[in-house]
Amino acid sequence: MTSELVYSTETGRIKAEKAQVERPKGDGIVRIQRQVSGRKGSGVSVITGLDLADAELKLLAAELKKRCGCGGAVKNGTIEIQGEKRDLLKQLLEQKGYTVKLAGG
């Protein structure tokens with residue numbers, strides 16, 4: 001059993017800091033790929049290679065979902081957009097100044 005300090009008489013309550021998840025540094029190229037495996041045949045566009053913090057990823061994902069008119073999620077540092085909207089996503093990300101490549105089939 002591990003014990004963790006939660007209160008000190010000198011400083012009061014001790015807040016445990018969440019460890020930052022280290023993501024591998026990319027090569028500066030944002031890749032958009034289409035995935036259908038494990039999704040019961042419905043495709044999603046997966047955006048990888050964005051070197052942004054989680055809060056910024058969520059804001060970008062919200063904007064992309066709104067512009068595409070579909071749903072999506074942020075998982076493990078990638079953005080998943082429902083549907084096969086790779087060309088539109090490429091155009092939107094290039095307008096924001098990213099270098100974008102379409103990867104995979």
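Biologist: Which backbone oxygen does the side chain of Thr 78 reach?

Modeller: This is a predicted model, so read each value as computed from it. The side chain of Thr 78 reaches the backbone oxygen of Lys 75, at 2.7 Å.

Biologist: Where does Thr 78 lie? And is Thr 78 buried or exposed?

Modeller: Thr 78 lies in strand β6, which covers residues 78-82. The residue is buried, with a relative accessible area of 16%. The cut-off for buried is under 20%.

Biologist: Which residues does Thr 78 touch, leaving out those up to four places away in sequence?

Modeller: Thr 78 touches Val 46, Ile 47, Thr 48 and Ala 73.

Biologist: Now the sheet. What is the order of its strands?

Modeller: The general idea comes before the case. Strands of a sheet pair through backbone hydrogen bonds, either parallel or antiparallel. Here, an open sheet of 5 strands runs in the order β5-β6-β4-β3-β7. Its pairing is mixed. The edges are β5 (72-75) and β7 (99-103). Each has a single partner strand, so one side of each lacks a neighbour in the sheet. On average, neighbouring strands are turned by 20° against each other, direction ignored.

Biologist: How many bridges join β3 to β4?

Modeller: There are 5 bridges between β3 (residues 29-35) and β4 (residues 44-48). These two strands run antiparallel.

Biologist: Which strands does helix α1 touch?

Modeller: Helix α1, residues 54-68, packs on the sheet and touches β4, β5 and β6. Its direction makes about 15° with that of β6.

Biologist: What about Gly 69: where does it lie, and is Gly 69 buried or exposed?

Modeller: Gly 69 lies in the loop between α1 and β5. At 66% relative accessibility, Gly 69 is exposed. Compare sequence and space here. Gly 69 and Gly 83 are 14 residues apart in sequence, and their C-alpha atoms are 10.0 Å apart.

Biologist: I also see cysteines. How many disulfides are there?

Modeller: Again, the idea leads. A disulfide is a covalent bond between the sulfur atoms of two cysteines. To count one, the sulfurs must lie within 2.5 Å. By this rule the model has 0 disulfides.

Biologist: Is Cys 68 buried or exposed?

Modeller: Cys 68 is buried, at 11% relative accessibility.

Technical notes: Residues are numbered from 1 along each chain as its sequence is written. This is a predicted model: local features need pLDDT of at least 70, side-chain atom pairs count only at pLDDT 80 or more; totals for chains, interfaces and linings use all residues. Side-chain values use heavy atoms; hydrogens and water are left out. Buried means under 20% relative accessible area, exposed over 50%, partly exposed in between (1.4 Å probe, protein chains only). Helices (H or I, at least four residues) and strands (E, at least two) are DSSP runs, numbered from the N terminus. A polar contact is a pair of N or O atoms within 3.5 Å; within protein, one must be able to donate a hydrogen and the other to accept it, and residues adjacent in sequence count only if both atoms are side-chain atoms. Contact means heavy atoms within 4.5 Å. Two strands pair if DSSP finds at least two bridges between them. Axes are lines fitted to C-alpha atoms, for helices over the stretch in contact, and angles run from 0 to 180 degrees between N-to-C directions.
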